[in-house]
Amino acid sequence: FTYLFLIYQITRCLHLFLIEFILFKLFNKYLMKKNKIHLTILISAIFLSFQILNIKAQVTIGSGLPPEKGALLDIKEKKADLDAGNLETAISGGLLMPRVHLLDTKSLAPLIDSSFILNNVNEYTRLKQTHTGLMVYNLTISTSKNLSQGLYKWDGTAWNMIVDEKSLANAMEQLKNLVHPQPAAFMLNNNITNFLSGVRLGEGQAVNMIQLVNTTPDYIQLSADGTKITFAPGFYVVQFTYEAMHNANCDLSSYFVDFPNDAYPSSGARIHSNSSHDTYAYSNHGGTLSAPCLLTKSLQWNISLGRGQAGNCSGTGMTLLGKSTFLYIVRYSY
């Protein structure tokens, strides 16, 4: 592109020199003879030459076609066929932008030498404005400098990436890695009657959930039967909230959850919850168990609520209440 522009400038200079030479000859031949008719022709020729020079200020590269009226530079191989609804003007090539390693989003270096920037502060301030609209393809990849590969445009103070589909996808992936909560919520949809009936102390029963929301399906997945969660490696906070009733002659229910860790299932992080309540029909009770879970590998975790050792309720009569029992998981990047 630089060479083409240089050739264009040389051509313009030669063209101007040729016109000046012709005008000089005409002046010598006619003006000295004071021929008014020829003088009129000469003045017209001068006016026409300036019009030609003005036209040549617009350039077409790629063909001999004239440039479009509003374009200083028009790169095309053929003319668009508007009548046929075809705007195509090239079939064998495009514009290849200069590829550079930008140093920072706030600097024109290395396009302008760093030493010049340091030693000519006032001039550099002016140049930042005159370079507004400059475009390059950046090759530098730096999270700390907020630079990715792609097209960048200078706006007078900083480089701004021209976002395409791939760049947008990369940006979205970077957003996933920011430290912010990414929740998933699940719910027991229907009552489970006689829950934990016949289950011994220290053992549990599966709780089948339905999914309410899951913002990170790549990291948290509910099984088809709703009784298991598959975790990808990461840091999670898992919270199990239950609501139950035990229509029997007992007033203390004890539960536990084995939360996932790298040693699960042989040795999960067991957390207990004890809930005192009235007997029989007025035995509604509930609680929440939660734990932070750091997983360095993928694993499948059973959604289960177990019978703790501190309670005095057992046997039939317990109901785990649907639409009041929830599993809440939040993933945090770290």
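Buried means under 20% relative accessible area, exposed means over 50%, and partly exposed is in between, with a 1.4 Å probe and protein chains only. Keep that scale in mind. This is a predicted model: local features need pLDDT of at least 70, side-chain atom pairs count only at pLDDT 80 or more, and totals for chains, interfaces and linings use all residues. Residues are numbered from 1 along each chain as its sequence is written, and side-chain values use heavy atoms, with hydrogens and water left out.

Start with Leu73. Leu73 is partly exposed, because its relative accessible area is 36%. Leu73 sits in strand β2, residues 73–75. Strands here are DSSP runs of E, at least two residues; helices are runs of H or I, at least four; both are numbered from the N terminus. Leu73 also belongs to a nonpolar surface patch, together with Leu72, Ile75 and Leu95. The patch covers about 390 Å². What qualifies for a patch? Residues with over 30% relative accessible area and no salt bridge, where like charges are joined within 9 Å and nonpolar side chains (Val, Leu, Ile, Met, Phe, Trp, Tyr) within 5 Å. A salt bridge is a side-chain nitrogen of Lys or Arg within 4 Å of a carboxyl oxygen of Asp or Glu. Areas come from the Shrake-Rupley method with a 1.4 Å probe, and for residues only the protein chains shown count as cover.

Next, a sheet. It is open, with 4 strands in the order β3-β4-β5-β6, and the pairing is mixed. Which strands stand at the edges? β3 (99–100) and β6 (159–161): each has a single partner strand, so one side of each is left without a neighbour in the sheet. Strands pair if DSSP finds at least two bridges between them. β3 and β4 run parallel, joined by 2 bridges. In that pairing, Val100 stands opposite Asn138 in β4. On to β4 (135–138) and β5 (150–154): these run antiparallel, with 4 bridges. Here Asn138 faces Gly150 in β5, and Met135 stands opposite Lys153 in β5. β4 has two faces. Val136 and Asn138 make the covered one. Met135 and Tyr137 make the uncovered one.

Now the aromatics. Rings of Phe, Tyr and Trp (its six-membered ring) pair if their centres lie within 6.5 Å; planes under 30 degrees apart are stacked, over 60 edge-to-face, the rest tilted. The count by this rule is 5 aromatic pairs. One of them is Phe235 with Tyr332, a tilted pair, at 6.2 Å centre to centre and 50 degrees between the planes. Why does this pair tie together parts that are apart in sequence? Phe235 lies in strand β13 (234–246) and Tyr332 in strand β20 (326–332), so the link spans 97 residues of sequence. Phe235 is partly exposed at 25% relative accessibility. Tyr332 is partly exposed at 28%. There is also one aromatic cluster, made by Phe231, Tyr236 and Trp301.

Two arginines sit over rings. The rule: NZ of Lys or CZ of Arg within 6 Å of the ring centre and within 35 degrees of the ring normal. The charged end of Arg270 sits over Phe256, 3.8 Å from the ring centre. Arg331 lies over the face of Tyr219, at 3.6 Å from the ring centre.

Pro183 and Tyr328 are 145 residues apart in sequence, yet 7.3 Å apart in space, C-alpha to C-alpha. Pro183 lies in strand β7, residues 182–187. At 24% relative accessibility, Pro183 is partly exposed.

Last, the backbone. Most residues other than glycine have a negative phi, and most peptide bonds are trans. Some places here to look at. The Ala109 to Pro110 peptide bond is cis, with omega near 5 degrees. Pro110 is in the loop between β3 and α3 (114–119). The Tyr264 to Pro265 bond is cis too, with omega near 10 degrees. Pro265 is in the loop between β14 (252–259) and β15 (269–276).

Then positive phi. Asn194 has a phi of about 50 degrees, though not a glycine. Leu196 has a phi near 65 degrees. Asn194 is in the loop between β8 (192–193) and β9 (204–206), and Leu196 lies in the loop between β8 and β9. Buried or exposed: where does Leu196 fall? Leu196 is buried, at 1% relative accessible area. Asn194 is partly exposed, at 39%.
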